[in-house]
Amino acid sequence: MGLYISIHIGAYLELKTEPVIDEITTIKCREHPNEEYGITDKYCALCGAELKTIVDKSTYIHPGYYQLFKDEMEEEKYEDALQWMCIEESEGTLLLIGSEEVLDSPDCLEGYGQNESGDTEITQEVVCQYKENFKQNYEEIITLLKPRVKSLKVKFGVIVDYS
Ligand SMILES: [Zn+2]
């Protein structure tokens with residue numbers, strides 16, 4: 001638990017991810033198993049023997065938000081479209097909220113109409129409307145991410161994030 005608390009009240013995206021193989025490549029010398037080598041090294045600096053490449057495919061990891069993008073161009077274009085919440089706790093489940101306030105199509109309650117005091121009753125209509133607004137505001141990235149995850153849901157609720 002950190003010093004800062006951030007609370008989101010509104011629509012958000014819940015992604016469940018499929019674990020992917022985390023390939024760990026190591027370069028080893030038969031004679032010097034404790035020595036470390038660079039990925040491009042061909043021969044052992046100590047004995048001149050040819051180095052072996054060992055690929056370990058036994059570790060599975062859940063991808064983070066940024067690993068769902070195919071390349072750097074795509075990441076640059078979309079990484080800020082949504083804001084990744086609760087990063088530390090996101091093993092297998094990613095929580096993403098909108099990144100900007102869309103005044104004529106609100107999808108969250110914090111910040112909205114921030115110059116005015118007052119309450120907002122969260123009726124069933126608000127829940128439905130805000131989820132619908134979220135789907136429209138972030139349609140492009142939702143369409144992009146959907147085939148890359150196990151499940152994708154637009155939900156409405158409260159996200160508490162300590163950082
Ligand atoms: Zn060696």
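Cys 86 is found in the loop between β4 and β5; helices (H or I, at least four residues) and strands (E, at least two) are DSSP runs, numbered from the N terminus. The model is a predicted one, in which local features need pLDDT of at least 70 and side-chain atom pairs count only at pLDDT 80 or more, while totals for chains, interfaces and linings use all residues. Residues are numbered from 1 along each chain as its sequence is written.

The phi angle of Cys 86 is near 50 degrees, a positive value in a residue other than glycine. Is Cys 86 buried, exposed or partly exposed? Cys 86 counts as partly exposed because it has 17 C-beta neighbours inside 10 Å. On this scale a residue is buried if 20 or more other C-beta atoms lie within 10 Å of its own, exposed if 12 or fewer, and partly exposed in between, with C-beta atoms placed from the backbone. Not counting residues up to four places away in sequence, Cys 86 touches Leu 95, Ile 159 and Asp 161; a contact here means that the C-beta atoms of two residues, placed from the backbone, lie within 7 Å. Leu 144 is 58 residues from Cys 86 in sequence, and the two are 22 Å apart in space, C-alpha to C-alpha.

Strand β5 is mostly covered, with 5 of its 6 residues buried. It runs antiparallel to β1, to which 4 bridges join it, and Leu 15 stands opposite Leu 94 in β5. Two strands are taken to pair if DSSP finds at least two bridges between them. Strand β4 is also joined to β5 by 4 bridges, and these two run antiparallel; here Gln 83 stands opposite Ile 97 in β5.

Ile 97 leads on to the core. The largest nonpolar core has 16 residues, and Tyr 12, Leu 96 and Ile 97 have the most contacts inside it. Such a core is a set of buried Ala, Val, Leu, Ile, Met, Phe, Trp, Tyr and Cys residues joined through C-beta atoms within 7 Å. At least two residues of this core come from each of β1 (5–16), β4 (82–85), β5 (93–98) and α2 (124–137). Leaving out residues up to four places away in sequence, Ile 97 touches His 8, Tyr 12, Leu 82, Gln 83, Met 85, Cys 108 and Ile 159. In soluble globular proteins, nonpolar side chains tend to be buried together.

Helix α2 can be taken next. Its 14 residues should span 20 Å at 1.5 Å a residue, and its end C-alpha atoms are 20 Å apart, which agrees; the expected span is 1.5 Å times one less than the number of residues. Which residues of α2 are buried? They are Tyr 130, Asn 133, Phe 134 and Asn 137. These residues cover an arc of only 100 degrees around the axis, so they are on the same side of α2; the arc is that of the directions from the helix axis to the C-beta atoms. An α-helix has 3.6 residues a turn, so residues three or four places apart point the same way. What covers the buried residues of α2 includes β1, β5 and β6 (151–162). On the other side of α2, Gln 124, Glu 125, Cys 128 and Gln 136 are exposed.

Asn 137 lies in α2 and counts as buried because it has 20 C-beta neighbours inside 10 Å. Apart from its neighbours within four places in sequence, Asn 137 is in contact with Gly 98, Val 102, Ser 105 and Asp 107. Asn 137 and Gly 98 are 39 residues apart along the chain, and their C-alpha atoms are separated by 8.3 Å.

The protein chain is divided into domain 1 (5–18 + 63–162) and domain 2 (22–58), with bounds from an automatic or database domain assignment. The C-alpha centres of the two domains lie 43 Å apart. Strand β2 (residues 20–28) is hardly covered: the count of buried residues among its 9 residues is 0. It pairs with β3 in the antiparallel sense over 8 bridges, and Lys 28 stands opposite Lys 52 in β3.
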